[in-house]
Amino acid sequence: MSVRPLLGSVDFSSRYEATSSRGSEDGPTLPLDDIDRPIVEKRLLRKLDLRMAFLVLVYIMNIMDRYNVATARLHGFEEDLGMTGNQINTLVSILFVGYLLTQTPSNMILHHMKRPSLYLSSCMAIWGVLTVLTGAVQTYHAALILRFSIGFVEATFFPGAVFLLSRWYKKNELGLRTALLYCGNSVSNAFGALIASGILGSLDGTLGFTAWRWLFFVEGALTIVVAVSAIWILPDFPSTPNVWLSHDEQILAKRRMEEEVAVIERESKPEENFSGLAQALIDWRVWWLGVTLHLMTCSLSFVIFFPTLSATMGYNATTSLLLCAPPWIFGTATSFVVARHSDVTGDRFWHIVGPLLVGIAGFMIAISTMNTAVRYLSLFLMAQSPVAYVVSLTWVMNTFSQSQSKRAAAIALINSIASAGSISSSYFWPSSWGPSYVNSYLICILASVLSIAMCWVFREHLSRCNEAAEAEEKVLGLPEGFRYLL
């Protein structure tokens, strides 16, 4: 009886090329015996982790600049710009239109760059300037144009940062590092609210500017400062000489990635420059995971309007912002535990489903009562669900680990499709549905359930692929090769 993978087949013949190949397009590497690998690897990871930690700060600024409109909404932003109806929702969603357009071409450009640190920091400086300019707008349409432009430039960072991680870390190291990066989201939601409350409470009227304008001025200026620092702190690719690495560390960094891929690409060949994009476009798994993460993004749409949900408990604007912090601090702490456990066990599916189910419990509690204490508890449960997105992204990188260019394209395409969920979900929380937002929570529950179902189908497919690979190895007498993480 033959073993066939579910929903299609896969060619495993090239799976063994990486294990037999010891060359690299980046130049010769030393045999592993020529260096004390455990010591050098520990030193390499320590240096790398310190530099990659700066990505978290960059991501914090990215999220603060992306969602500060929701905070400004609590201090007269809509009224000062004369917004009516769903215009505030359009202002939120338009950022993700620009975000959607840029991700894939940006990652393909990044894949062929020698200095990703310079590229990412330059884009960051540009969106910082645009954020400052948002504080000076006088009309809704001017704000709309700037928000679209911010999304257009911001889109370079997150998929680019995820790809940068995948070029340095092995698959059993990626989950925790991706969680560390994504914790910038939760930290921004927590401490961004605290920073915003300080700005909004102390600078209102200073130099004749209202509080919400100072919010954009200060956060945009902070982004520019961080961007300038990032030029010298962020790492480049292992193939690029890095002055902060010793010779042995540089060699080991390249060798580690050779050991991870199933096929060593010859990226120097011009005809293959966009082969990864073509491969990603025709791979049904890219689109399947894109739709899965799209639904997951819809279920996480409450993140954008978290200050609004906190305000439904009846406190003033400053107190509502302060109450946003504890749920996200708790969510950040648990996300590390979940991501680390996912790496240790090699499981992805159940570490995605678990947080989503906790989030669904939070939605159901929020629907059932308007009691202040119970609704606040529901916010703590909701804040557990974003780690599912982190583990999902790690699953993407593990699944498309055989080719660097295809991985770059797949990450960007999947994240683009996922980001499209933020466009439609911006309209899931109209003021007319408040303060209970029952309809909004029901939509989030439905999106979560559909996302879980699609993850299960994908897991079954990968399981069949692993079974087919094992059967082939037994028949041909081959050593154990690449296996998908489930």
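Good morning. I begin with asparagine 242, which lies in the loop between α9 (211-233) and α10 (247-260); helices here are DSSP runs of H or I with at least four residues, numbered from the N terminus. Please note that this is a predicted model, in which local features need pLDDT of at least 70, side-chain atom pairs count only at pLDDT 80 or more, and totals for chains, interfaces and linings use all residues. Residues are numbered from 1 along each chain as its sequence is written, and side-chain values use heavy atoms, with hydrogens and water left out.

Is asparagine 242 buried or exposed? Its relative accessible area is 7%, so asparagine 242 is buried (under 20% relative accessible area with a 1.4 Å probe, protein chains only; exposed is over 50%, and partly exposed is in between). Leaving aside neighbours within four places in sequence, asparagine 242 is in contact (heavy atoms within 4.5 Å) with Trp168, Pro235, Asp236, Phe237 and Gln250.

Next, helix α4, residues 87-111. Of its 25 residues, 18 are buried, so α4 is largely enclosed by the rest of the structure.

Finally, the core. The largest nonpolar core has 138 residues, of which Phe77, Phe158, Trp168 and Phe302 touch the most other members. Such a core is a set of buried Ala, Val, Leu, Ile, Met, Phe, Trp, Tyr and Cys residues joined through side-chain atoms within 4.5 Å. Helix α2 (residues 37-72) gives the most to this core, namely 17 residues. Phenylalanine 77 has contacts beyond four places in sequence with Val69, Ala72, Met83, Ile88, Leu91, Trp212 and Phe216. Thank you.

Note on methods. Helices (H or I, at least four residues) and strands (E, at least two) are DSSP runs, numbered from the N terminus. The expected span of a helix is 1.5 Å times one less than its number of residues.
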